[in-house]
Amino acid sequence: MTENRTGWSGKMRDLVRRDQVFEFLMPNQHPLIDTRHNMLLYLEGVSKSFDGFQAIRDLNLYIREGELRCIIGPNGAGKTTMMDIITGKTRPDSGAVWLGSNINLLQMDEAQIANAGIGRKFQKPTVFECLSVFHNLELAMAGARGVFAVLRARLSGEQRDRIAQVLELIGLAEQAGKLAGSLSHGQKQWLEIGMLLMQKPKLLLVDEPVAGMTHQEMDKTAELLRSLAGEHAVVVVEHDMDFVRSIATTVTVLHQGHVLAEGNMADIQANPKVKEVYLGE
C-alpha cells in the first residue's frame, strides 16, 4: 500500500513540476514545412557511434508525406538510435536530417522538433493515470499551461469538438470520463496516440505499439494506424511480423545501423539477406 501511495504522489509531483515540459505537451507551433517533392523526412548519410560501437552507419531513409512505413530489424539494428536522432535526443556524428526540404532538425532541440510537428510514442505508454481520459487529451492540447490552469479553464466549442473527434478516432469515446489508470494496456496505448494527435503532428514515430496487447487490441491498433496514414506520416517500429503484415505497405529492414532492404512485404519476405539476418530462415 505504501509503495502504491508513493507511486501516485511521485506522479503528481512530476505533473506539477514547472522545470519540466513533457514532450507530448509541447504547444502547437508548427512551422511551414516544404513538402513540394512529396517527401516529409530525409535522413542522408547518418552515422552514430557510442564508445566505438557503430549504432548507425551511413543511414539513408526517406519518408513520404502521409505514408505508413514499418521499420523492422534484429535487436541492435539501430532502430531506437534512429528515432532518437530524428527527435533530437541523440546527435549523429555525421549526416543530415531534414523535415521537408527546409527544416534542418540537427539545428533544433527536442522541444523545437516536437513543435515542428514530430510526435513520438514510446513502447511504454506515458499517460496521466490520475486524470480522466478527457483531461489527458485536454492537457495535451493545452501545450505549456499548467495542469491546474487547464482543469479550471473553459473549453471553446472548437476545442471540445477536437477532443470528441480524437476520442472517436482512438476508440475511447465511451471511456472519456474514466481515469486513465483504469484503462487496459492497449487502451493506454491508444490514449497516448490520441494525446499526440491533439498536437496535429505531421509525423508520428510509434515504437512497438502492440507489445503486450491482446489479439483484439492488436487488430484495433492496426485499424487505428491505417486510419492515421494520409493525414499524418506514420513510422512504426515493430517486432511482431503478423502485425507488420497487417499494416505494411512499405517495409524498411535495418541491420547493423544500415538499410539492408526496402520494399513491400512480399519483397522483404523473399529477400535472401533478410531471411538470413532477421527472419531466421
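Student: What makes the pairing of the Glu 217 and Ser 184 side chains a polar contact?

Tutor: This is a predicted model, and in it the two side chains come to 2.9 Å. The cut-off for a pair of N or O atoms is 3.5 Å, so the pair qualifies. Glu 217 belongs to helix α8, residues 215-228. Besides Ser 184, Glu 217 touches Gly 186, Gln 187 and Trp 190, leaving aside residues up to four places away in sequence.

Student: How do you know that Glu 217 has no salt bridge?

Tutor: The nearest side chain of opposite charge is that of Lys 220, 7.9 Å away. A salt bridge requires a nitrogen and a carboxyl oxygen within 4 Å, so Glu 217 is left without one, although buried.

Student: Why is the pair Asp 93 and Lys 48 called a salt bridge?

Tutor: Their side chains meet at 3.7 Å, N to O, and the limit is 4 Å, so the pair counts. Asp 93 sits in the loop between α2 and β4 and Lys 48 in strand β1, so the bridge ties together parts 45 residues apart in sequence. A search of the whole structure gives ten salt bridges.

Student: What makes Lys 48 buried?

Tutor: Its relative accessible area is 13%. Buried means under 20%, so Lys 48 falls in that class.

Student: Are Glu 67 and Arg 64, which form a salt bridge, buried or partly exposed?

Tutor: Glu 67 has 6% relative accessibility and counts as buried. Arg 64, at 36%, is partly exposed, because that class runs between 20% and 50%. The closest N and O atoms of this bridge are 3.7 Å apart. Arg 64 and Glu 67 also belong to a salt-bridge network with Arg 69 and Glu 262.

Student: How do you know that the buried residues of α6 line one face of the helix?

Tutor: The buried residues are Arg 162, Ile 163, Val 166 and Leu 167. Viewed down the axis of α6, they fall within an arc of 135°, so they line one face. The face turned away from them carries the exposed residues Glu 158, Asp 161 and Glu 168.

Student: What makes α7 a mostly covered helix?

Tutor: Twelve of the 13 residues of α7 are buried, among them Lys 188, Trp 190 and Glu 192. For the protein chain, 51% of the 281 residues count as buried.

Notes: Residues numbered from 1 in each chain as written. Predicted model: local features only at pLDDT ≥ 70, side-chain atom pairs only at ≥ 80, totals over all residues. Heavy atoms only, no water. Helix = DSSP H or I, 4+ residues; strand = E, 2+ residues; numbered from the N terminus. Buried < 20%, exposed > 50% of the residue type's maximum accessible area, 1.4 Å probe, protein only. Lys, Arg positive; Asp, Glu negative; His and termini not counted. Polar contact = N/O pair within 3.5 Å; in protein donor to acceptor, adjacent residues only side chain to side chain. Contact = heavy atoms within 4.5 Å. Arc of directions from axis to C-beta.
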